Amino acid sequence: MTLRADISGMPVDRTPFYIAAISRRVEEEAGLLLPPSRYPMIEARLKRRLARLDLGSYRDYLRLIDGPDGATERATLLGLLTTHVSHFFREPHHFQMMRDRLLPPLIAEAQAGRKLRFWSAGGAAGQEAYSLALTLLDLVPNAALLNIEILATDLDAAQTARAARAHYPTAALAEIPPPFRQHCLPSSGGFTLSDSVRGLVRCRTQNLHADWQAEPPFHAILCRNVLIYFEPKARERLISRFAGALTNGGWLLLGHADRMTGPAAAHLNALGQTVYCKGDGGPG
Ligand SMILES: C[S@@+](CC[C@H](N)C(=O)[O-])C[C@H]1O[C@@H](n2cnc3c(N)ncnc32)[C@H](O)[C@@H]1O
């Protein structure tokens with residue numbers, strides 16, 4: 001357990017001190033990299049939060065998150081300081097590669113009774129998991145009859161709730177290739193994905209740096225545009241844990257700005273741009 005300094009005698013006007021302390025809490029809990037250059041952004045976002053909570057100072061806020069009932073506010077804080085930008089079929093080459101190379105042999109195995117598992121880790125509001133579900137359904141329209149599960153997790157419970165609702169604004173429709181739009185059903189100011197798409201996806205809140213509720217092994221893990229926010233050691237640790245959670249032949253897909261680092265790189269072979277395969281070959 002991390003020892004917390006006693007701040008009761010500290011003056012309230014030491015804003016930089018409290019912002020640094022709050023940033024350290026976030027780094028410890030979520031592995032996020034928050035160097036001093038980001039402190040102005042943190043201060044700006046917290047200012048609004050303080051007003052909302054009717055707190056008079058950053059010291060009061062630090063007390064709140066360190067206090068016995070701090071867990072809920074810490075979760076809100078993590079949500080405030082993370083970026084949730086995502087799109088359907090973002091980095092489309094990943095979905096094309098899965099469609100061409102990963103999925104056909106796996107689907108044949110699923111048709112022979114095998115369970116298939118995929119994980120969108122740090123998947124924001126579900127766009128990544130549902131893009132995979134749409135790709136699968138296009139290849140195998142009766143996917144619901146097979147034992148296939150896509151786990152969609154995010155640190156931020158608000159994102160998980162959005163993923164579970166599977167309701168998106170009309171503008172997001174343009175991100176979905178026309179043949180898949182049959183699964184986008186118009187509903188209040190946007191569209192909701194069809195039950196056959198939603199039925200393949202299970203949504204959960206999960207801090208990737210905590211113990212995982214996710215049950216390995218996975219045939220593919222997508223962790224894209226998430227690692228860039230973590231400090232280097234946390235990144236390496238996570239890639240090692242992902243490698244351990246993949247089937248032999250399973251794929252790890254990272255984002256365009258992420259880098260493969262750490263000891264696990266020796267077991268993950270590059271197949272294409274930011275696509276890595278555990279071991280030597282096809283799906284195992
Ligand atoms: C920029 S979005 C990327 C979404 C999606 N993977 C994509 O590429 O479009 C980053 C997501 O990572 C999540 N995230 C950040 N830190 C996390 C952590 N420690 N555990 C789980 N998710 C985390 C954020 O909540 C956010 O939704």
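Keep in mind that the model is predicted. The ligand sits in the largest pocket, and a search of the whole structure also turns up two cavities of 30 Å³ or more.

**Around the ligand**
- There are 22 residues around the ligand, and the ones that come nearest are Ser86, Arg90, Asp154, Arg224 and Asn225.

**Contacts with the ligand**
- Arg90 reaches out with its side chain, where an N or O atom is 2.7 Å from an oxygen atom of the ligand.
- Ala30 uses its backbone instead: an N or O atom there lies 3.2 Å from a nitrogen atom of the ligand.
- Gly122 also has a backbone N or O atom 2.9 Å from a nitrogen atom of the ligand.
- On its own the ligand has 600 Å² of accessible area, and the protein covers 99% of that.

**The largest cavity**
- This cavity holds about 50 Å³ of space.
- Its lining is made up of Leu32, Arg38, Leu81, Thr82, Thr83 and Tyr229.
- Sorted by type, that lining has three nonpolar residues, two polar and one charged.

**The second largest cavity**
- Here you get about 30 Å³ of space.
- Arg25, Val26, Glu29, Ile65, Arg74, Leu77 and Leu78 form the lining.
- Two helices, α1 (15-30) and α4 (70-81), each supply at least two of the lining residues.
- Four lining residues are nonpolar and three are charged, with no polar ones.

Terms used. Residues numbered from 1 in each chain as written. Predicted model: local features only at pLDDT ≥ 70, side-chain atom pairs only at ≥ 80, totals over all residues. Heavy atoms only, no water. Near = heavy atom within 4 Å. Polar contact = N/O pair within 3.5 Å; in protein donor to acceptor, adjacent residues only side chain to side chain. Areas by Shrake-Rupley, 256 points an atom, 1.4 Å probe, with all protein chains shown as cover. 1 Å grid on protein atoms, 1.4 Å probe; cavity = no way out; pocket = protein on both sides within 12 Å on 5 of 7 lines; lining within 4 Å. Sits in = over half its atoms within 2 Å of the grid points. Points joined across faces, edges and corners; volume = space filled by probe spheres on them. Nonpolar A, V, L, I, M, F, W, Y, C, P; charged D, E, K, R; others polar. Helix = DSSP H or I, 4+ residues; strand = E, 2+ residues; numbered from the N terminus.
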